[in-house]
Amino acid sequence: MSVPNNLIEGLNFLRPRDKSGKHQKVTDYYGENTFDIQTAEEIPDSIKEEINEAIHSNSHISKAQAEIVAKAVTKWALDKGATHFCHWFQPLTGSTAEKHDAFLDFDYSTGRPIEKLSASQLIQGEPDASSFPNGGSRSTFEARGYTAWDLTSPMFLIGTGESKTLCIPTAFVSYHGEALDIKTPLLRSVSTLGESAKKFFHLTGETNVDRVIVTCGAEQEYFLVDKSYYNLREDLVMTGRTLFGAPSTKNQQLDDHYFGAINERVLAFMEELDYELHKLGIPAKTRHNEVAPGQFELAQIFRDANVSADNNHMVMATIENVAIRHGFVALLHEKPFAGINGSGKHLNWSLASDTGINLLDPGSEPHQNYRFLAFTSVVIAAVHRHAKLLRASIASHSNDHRLGANEAPPSIISVFTGSTIERIFKAIKEGEEFSPESQTILDLGAGALAKLPKDNTDRNRTSPFAFTGNKFEFRACGSDQSIGFPLTILNGAVTAVLDEANNLLEAKIRDGVSIDQALLDICHTFINESWDIIFNGDGYSQAWLEEAQKRGLPNLKTTADSLNVLVDREETAFLTKHGIYRESELDTRYNVLLETYITKRNIEFNTLSNMVNQLVIPAALNYKAKLTSSIAASKAIKVEASVEIEILKDLQFSLEAVFEQNRNLKNALAGLADVHDEEKVAHSLAYDLMPISEMIADHCGRLESIIPDDLWPVPTYFEMLFLI
């Protein structure tokens, strides 16, 4: 396809300046679009303390307190140019939802218009819940749902120019109090894990710990394509990924895009993106080119898990909005282009006390840090026991394309500890003394370079769950998904094992065992139990697939294989026991996720079939006609047409193949319409129809490589990935 002449060269982003003309520092505008109760001048200090206590004690605030906050945030928002407010929530669509209401009201004593946000409007909303996914947990006519203000996540402003909207982060529940969102179970899991971790601290001598915070930071990968190309690809518009495309001769073989110099147009986008995120109080820290051409990453600083989950939704939305202003479209799909790396969202996770102790910080001598070793063994045991649920928590039709490829961890859940931690655990497991090696200093061979101490762990990009120095990194999460669901499952899994560890600790201390020895005993117990899940090798290798099978580790290859664990009462018992989910809420999630998988696969396959019929086959027939005319003209003047004949043969072979496979796909889709068992439908989509679609994509790619560029009807990988 010919290159459009409307490529946008890029927009300059002008950093804000102060009154003297100097560039403002990030700290000058950081958080200016976020309302902080603790710094609001209109809220008395006594009310701030009461609200802070309510947040930390997981209790409610009074209507009188809410009224004071409502007045303060209304004044702040109006001064910032806001005209509307909304309850901002996370339904089971995987994205966010908002209904904007104007501040406009009337003073009925005078009949004059006023701006107002009441305490009741702040605390609770009542959106029509009938059109949100509910997994059959309620009837269509039961439309009532409630949103409830989340005090732990700050309110913020969205919008550009003259009109802004105040967003109030909220939970979303049904009329009967069932969670219809991602946030509510996450908040429950954060609370239960925090309490268990506080008890663990107290049992191990840190009795001054009042609160333990679950922290995380999400790394967000994404692609940018020029908007003019995006609009010409029906598959990108409809599904978020290209359903076919011939690979460009150069893609990522040279590894020259990763950490390379950032394209000027892209850098202007990144600068504005950071600016908008910093104004929202989102601590965007790192930006760089990723491995694949056209692929990039943004990472943020660790913070409270619930706020971080909210922030990641805002990050995704802001990436998409700012990209449009720069003539790009951001692709958050896990695998928008075949044959090159897809995008993930590495979920960095840890726990920290209010006194500053990170439970996953090994210190300089990890073999003597018994609390660290015991807690790490708890996490490893949690992952081992609940690997199936963790796999299900990151399952989606789009992530299925990425997991197990050469840029993402396999679908087998394992834990990478690094060689030092593994040797310590092995010594504990076998009852041997551990002899630490002296810290290795890397010899860089140049005296002018600083000496680098070698870390206790390397990084293993093939591991789905890796210890990376002072945190665990859940690397299997998809780039397009909400991190709230995998976070909730992980928190719940660790809570269940940590409660068990606390009971063992209490019993041993009661029996006169020293705290250090009790921690080592616990470590010994859990490492023995979960040793099989520790793997520090190459997760991409066939040898690991075979070894994992010998170890009895589950390998749930697709979403269709994974989701039924959500309705396995034995597998999910720990979640209901700790009040993180009700059984009915798990049923809802299973039904919603299964229906979503089926629906999105159907959209993909129907889009592919339509593009083949409307674009690919007509382009092939057009070129065939030109070749036929050329051959006829050559014969008329008695000139050899052997080249045209060979091209025509190749063209005809792929044309017939794509026509036949497309017919097979349509017939298979029609056949599934009569199947009412959704699990069977999902498995057929994954294992019967997906291979057909891949054959169609392969033949389309062959046709693309045969048909001249000016006759090919859609933008190519070369154009989309390199002409930005």
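Phe172 counts as buried, at 0% relative accessibility; buried means under 20% relative accessible area, exposed over 50%, and partly exposed in between (1.4 Å probe, protein chains only). The residue is found in strand β9 (residues 164-174). Strands (E, at least two residues) and helices (H or I, at least four) are DSSP runs, numbered from the N terminus. The C-alpha atom of Phe172 is separated by 4.5 Å from that of Thr147, 25 residues apart along the chain.

This is a predicted model, in which local features need pLDDT of at least 70 and side-chain atom pairs count only at pLDDT 80 or more, while totals for chains, interfaces and linings use all residues. Residues are numbered from 1 along each chain as its sequence is written, and side-chain values use heavy atoms, with hydrogens and water left out.

A second pair concerns Gly94, which lies in the loop between β2 (82-88) and β3 (101-102). Gly94 is partly exposed, with a relative accessible area of 24%.

**Salt bridges**

Side chains of opposite charge can pair when their charged atoms come close. Here a salt bridge is a side-chain nitrogen of Lys or Arg within 4 Å of a carboxyl oxygen of Asp or Glu. A search of the whole structure finds 30 salt bridges.

| Lys or Arg residue | Asp or Glu residue | N to O distance |
|---|---|---|
| Lys199 | Glu506 | 3.3 Å |
| Arg325 | Glu276 | 3.6 Å |
| Arg475 | Glu473 | 3.7 Å |

Lys199 forms a salt bridge with Glu506. The pair links distant parts of the chain, 307 residues apart, with Lys199 in helix α5 (residues 183-203) and Glu506 in helix α13 (residues 484-510). Lys199 is partly exposed, with a relative accessible area of 34%, and Glu506 is partly exposed as well, at 29%.

Arg325 forms a salt bridge with Glu276. Arg325 lies in helix α9 (residues 305-325) and Glu276 in helix α8 (residues 264-279), so the pair ties together parts that are 49 residues apart in sequence. At 31% relative accessibility, Arg325 counts as partly exposed, whereas Glu276, at 16%, counts as buried.

The side chains of Arg475 and Glu473 also meet in a salt bridge. Arg475 counts as buried at 6% relative accessibility, and Glu473 counts as buried at 5%. Elsewhere, salt bridges that share partners join Glu272, Glu276, Lys279 and Arg325 into one network.

**A buried lysine**

Lys48 lies in helix α2 (residues 45-56) and is buried, with a relative accessible area of 9%. Its side chain reaches the backbone oxygen of Ala40 at 3.0 Å. A polar contact is a pair of N or O atoms within 3.5 Å; within protein, one must be able to donate a hydrogen and the other to accept it, and residues adjacent in sequence count only if both atoms are side-chain atoms.

**Surface patches**

Patches are made of residues with over 30% relative accessible area and no salt bridge; like charges are joined within 9 Å, and nonpolar side chains (Val, Leu, Ile, Met, Phe, Trp, Tyr) within 5 Å. Lys and Arg count as positive and Asp and Glu as negative, while His and the chain ends are not counted. The place of a charge is taken as NZ of Lys, CZ of Arg, CG of Asp or CD of Glu. Accessible areas come from the Shrake-Rupley method with a 1.4 Å probe, and for residues only the protein chains shown count as cover.

A patch of negative charge on the surface gathers Glu595, Asp677, Glu678 and Glu679. Glu595 is placed in helix α18 (residues 583-636) and counts as partly exposed, at 44% relative accessibility.

Val237, Met238 and Ile603 form a nonpolar patch on the surface, with about 250 Å² of accessible area together. Val237 lies in helix α7 (residues 234-239) and is partly exposed, with a relative accessible area of 39%.

**Backbone angles**

Most residues other than glycine have a negative phi. Asn58 has a positive phi of about 60 degrees although it is not a glycine. Asn58 lies in the loop between α2 and α3 (63-79) and counts as exposed, at 62% relative accessibility. Phe259 has a positive phi of about 60 degrees and is not a glycine either. Phe259 is found in the loop between α7 and α8 and is exposed, with a relative accessible area of 55%.
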